[in-house]
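Welcome, and thanks for taking a look at this model with us.

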Amino acid sequence: MKKNLYFYCILLITCSALAQVSPAIARYDLPKKRLLLQFCSTYLYNSNQGAIDVDSSVVLAATAYKLPLRLAYDEGFNEESLIGSDLMEKGNSKGIQKLIAKSTGLEKIKILLQLGSFYLFKPGVKPDDLQKAKLYMDQAFAESNKLKVVKWQHQSLLLLGKYYYQANNQSESKKCFLQVINECRKSNDKLGLAQGLEAQGDALSNLDPEKEKILLEVISLYASLGLEEKRIENYSKITTIYFWSGRMQEAKKRLYQSLIDLRKIGFRHQQFTETTIVYVELHQHNIKDALYYALKSVKRMETEKDYTFADIFYMRLGDVYNIYGHNEEALELYKKSIEIGRNDLDTGTWYKSFFSAVAALSLKGKNKEAIAYINSMTAKYPPKSTFDKMSVAFIRANCYEALKNNVQAEKYFKEMDYYAQQLHGPETSREIAHQYTMMALFYINTNRPQKAQPYTDKVLALGNVSSKTSNSDVFQMLLYKTDSINGNFKGALAHFQDYKRINDSIHGVSRNKQIDELKIAYETKNKEQEIKFLNNQSKLRESELQKSKLLNNVSIGSLILLLIIIGLLYNRYRLKQRNHSKLEIKEREINQKNINLRHLLDEKEWLLKEVHHRVKNNLQTVISLLSSQAAYLNNDMALSAIKNSQHRIHSMSLIHQKLYKSDNIATIHMSNYIKDLVEYLKDSFSTGQRIRFEITVEPLELDVAQAIPIGLILNEAITNSIKYAFPDNSIGLVRVLLEKTEADYYLLTISDNGIGIDTTLSNSKTDSFGMSLIKGLSEDLEGKFIMENNNGTILKLEFKPEHPLDKKYLKKPDHNFDI
């Protein structure tokens with residue numbers, strides 16, 4: 001049934017802003033214009049996954065290409081143009097009534113059929129429109145019976161059958177179609193039979209096996225009649241059946257055949273088929289073909305300067321880049337798609353680009369930025385359809401899961417499940433299965449397999465109902481973990497092998513190199529296909545063969561003459577070449593030495609990173625050993641000492657972790673390091689909201705030899721503040737400041753507003769070892785250490801950095817964190 005009346009209003013508003021009809025469309029005849037409307041509207045309906053109804057998709061396509069809407073529905077009674085069509089489009093009801101009153105015979109039947117079609121296929125649910133449609137159809141049927149012309153009786157019956165289908169009277173609809181079909185079979189009317197069967201097939205669901213049988217007969221009939229555009233149109237309908245029923249390989253074969261057919265009839269708008277091929281190839285993890293057709297659809301659009309629905313094609317190219325790790329390039333394409341989709345003809349597809357943009361940010365590890373982006377976009381553009389609401393909840397859940405915020409992640413997974421239960425069409429089942437897969441994995445990864453099982457069952461049920469077999473790496477990982485939990489280790493092993501195979505096919509290649517190579521390969525393959533197409537024309541090939549023979553004879557004579565000239569010039573050329581050769585040899589030697597030095601430098605950097613990685617792992621092992629030792633101790637002082645040691649070791653481990661993850665392996669960015677260290681201490685002591693931390697750190701970097709003492713000093717000072725500055729669970733504030741002074745020194749200040757500390761170190765609660773450690777580390781840094789008691793404890797350390805940073809870094813604004 002029709003769903004979204006608002007689409008019709010949007011189209012009327014945006015119609016005036018659309019570009020002129022492209023020259024390619026202007027050259028199309030009537031069958032090709034109808035084929036364009038069918039291809040475009042079908043793609044829009046499928047890509048929006050049921051969010052808009054079929055009639056809204058047709059209106060959208062007709063408006064975008066500035067084609068009359070009636071072309072999509074008046075086939076059979078409109079060969080070129082109809083009387084009164086302009087009055088209908090303007091809504092001039094009085095003029096239409098006068099026209100009907102003046103018309104007679106065949107002309108009157110055509111006008112009545114056109115009016116019935118106009119009101120029947122208007123977007124939105126309007127009972128008045130359906131009543132008007134039925135009134136004009138009945139009049140057309142009565143007029144055709146008076147004339148006793150079978151063709152118009154059949155056209156009236158077919159339109160009545162479509163009306164009953166819209167009115168949910170399936171039995172009466174089928175009755176009208178079958179009457180036309182049976183009469184045409186008896187009279188051997190192939191065209192009428194094809195039209196009747198096509199109307200019956202369109203009324204059936206894509207999951208109804210009878211639909212495929214009917215459309216195969218329709219294709220055969222149109223082929224025998226030489227109506228190639230109609231054959232291709234119905235051929236694509238079977239492709240859609242295969243696509244939504246999960247028979248991807250069969251759908252792909254038909255999509256490639258469709259491209260060949262479209263080229264033969266000179267139909268240039270092949271991008272809707274190409275972008276569908278991209279989706280299928282991505283589903284089957286075929287990066288080369290997916291990238292080739294994604295680039296080809298964009299290039300076709302840009303070459304023809306036909307940017308209608310450009311947001312769709314930029315989004316699909318972004319999907320290819322995103323899946324294979326080129327997240328920054330993908331993000332730029334998604335932003336471009338969103339901008340075009342919002343500002344031009346809004347098809348609703350750009351909202352999928354928004355989901356993909358969030359995924360690109362998340363894959364780059366920018367989950368907090370992704371959540372902020374979700375919040376800002378949904379505040380400006382709230383999701384309208386149930387599918388979009390489900391997807392927004394899903395991407396929120398993924399981001400929170402990546403941030404280890406399991407409470408928020410579970411909340412949005414449940415919200416996703418709420419909306420998923422409201423969607424039942426085949427168009428959304430693949431996405432729902434994927435989202436339930438991720439939800440089940442979330443519960444398994446958080447050690448709640450009992451909660452994961454219902455959602456695993458839903459994934460399997462979706463696959464059984466729609467005959468879709470998921471071949472994703474996450475699905476295989478879910479089955480692997482489920483079988484492992486249930487003790488089915490043989491099945492678990494098989495699923496894990498499938499997971500590795502799929503994962504390696506996606507990520508087990510040098511992605512940057514491969515993408516660049518495939519971009520070049522696209523250009524080559526495109527030219528090869530054009531050459532192949534030309535070579536298939538036999539007459540042209542024979543003509544070219546004769547020309548090539550003549551050219552060969554001329555070329556041989558020219559070659560002999562050229563060889564004589566080269567022989568005469570050879571001696572002179574060699575004299576000059578010797579000098580050049582010497583210079584080139586020296587240049588190659590220098591270049592080779594430079595290359596060797598670069599390899600050595602890269603190897604050195606890699607080894608340093610590996611050292612930092614292993615040091616970090618060893619320190620983590622020490623922390624784990626201390627934790628194991630603590631489990632056998634009952635002495636509080638010993639446990640406290642072990643805990644303190646763990647914190648000190650973690651402060652050093654964090655530095656090595658930052659180094660091996662950073663491109664700069666010599667210095668530590670103190671802003672990020674101090675923030676992570678404070679977060680760790682805050683979580684370790686479970687301060688909650690009782691103690692607030694205020695961190696102000698300039699964009700400074702330190703050599704690792706200085707960063708480690710600074711981290712230990714921070715650990716000791718902050719730990720003392722948490723443990724002793726705020727007795728009886730009182731509320732407090734701890735401040736950390738790192739800044740550059742005028743004398744090119746760095747000043748580290750750690751203060752709290754607690755009860756203060758005895759500067760004479762006589763207080764029994766003071767961690768004497770910790771204070772000694774702070775002083776000793778200060779001396780190692782050759783810094784000036786000061787401890788004060790002024791409305792709390794204040795520790796200051798002024799020291800000179802070993803390697804000052806460039807001035808450009810010092811011009812950046814401060815990084816302030818309030819934890």
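How many residues does helix 12 have, and how far does it reach from its first C-alpha to its last? Helix 12 covers residues 209-225, which makes 17 residues, and its reach is 26 Å, close to the 24 Å expected at 1.5 Å a residue. The expected span here is 1.5 Å times one less than the number of residues.

## Ground rules

This is a predicted model, in which local features need pLDDT of at least 70 and side-chain atom pairs count only at pLDDT 80 or more, while totals for chains, interfaces and linings use all residues. Residues are numbered from 1 along each chain as its sequence is written, and side-chain values use heavy atoms, with hydrogens and water left out.

## The chain as a whole

The protein chain holds 33 helices and 8 strands; these are DSSP runs numbered from the N terminus, with helices (H or I) of at least four residues and strands (E) of at least two. Of its 819 residues, 47% are buried. Buried means under 20% relative accessible area, exposed means over 50%, and partly exposed is in between, with a 1.4 Å probe and protein chains only. The chain exposes about 42600 Å², and carbon and sulfur atoms supply 54% of that area, as computed by the Shrake-Rupley method with a 1.4 Å probe.

Taking contacts (heavy atoms within 4.5 Å) with a separation of 6 or more, 68% join residues 24 or more positions apart. The largest nonpolar core has 110 residues, and Tyr-65, Phe-309, Phe-354 and Met-416 have the most contacts inside it. A second, separate core has 38 residues, including Tyr-673, Ile-691, Leu-712 and Phe-726. Such a core is a set of buried Ala, Val, Leu, Ile, Met, Phe, Trp, Tyr and Cys residues joined through side-chain atoms within 4.5 Å.

## Helix 12 in its setting

At the start of helix 12, a side-chain oxygen of Asp-208 comes to within 3.0 Å of the backbone nitrogen of Glu-210. After the helix comes Gly-226, with a positive phi near 75°.

The buried residues of helix 12 are Lys-211, Glu-212, Ile-214, Leu-215, Val-218, Ile-219, Leu-221 and Tyr-222. They pack against helix 11 (190-202) and helix 13. As a reminder, an α-helix has 3.6 residues a turn, so residues three or four places apart point the same way.

Helix 15 (residues 271-283) has 13 residues and reaches 18 Å between its end C-alpha atoms, close to the 18 Å expected. It is mostly covered, with 11 of its 13 residues buried. The partners of these buried residues are helix 3 (30-47), helix 13 (228-244), helix 14 (248-264), helix 16 (287-304) and helix 17 (310-323). Just after helix 15, His-285 takes a positive phi of about 65°.

Val-280 belongs to helix 15 and counts as buried because its relative accessibility is 0%. Beyond neighbours within four places in sequence, Val-280 is in contact with Phe-243, Met-248, Lys-252 and Leu-255. Phe-243 is 37 residues from Val-280 in sequence, yet their C-alpha atoms are 8.6 Å apart.

At its start, a side-chain oxygen of Asp-29 reaches to within 3.1 Å of the backbone nitrogen of Lys-32.

## Two loop residues with positive phi

Lys-148 sits in the loop between helix 8 (127-147) and helix 9 (150-166). Its phi is near 55°, a positive value in a residue other than glycine, and Lys-148 counts as exposed because its relative accessibility is 68%.

Glu-782 lies in the loop between helix 32 (768-780) and strand 6 (784-789). Phi of Glu-782 is near 55°, again positive in a residue other than glycine, and Glu-782 is exposed, with a relative accessible area of 71%.

## An annotated span

The unreviewed UniProt entry places a "transmembrane region" at residues 550-570; UniProt positions follow the numbering used here, feature names are shortened, and annotations may be inferred rather than shown by experiment. In the model, this span is 100% helix and 0% strand, with end C-alpha atoms 30 Å apart.

Conventions
Polar contact = N/O pair within 3.5 Å; in protein donor to acceptor, adjacent residues only side chain to side chain.
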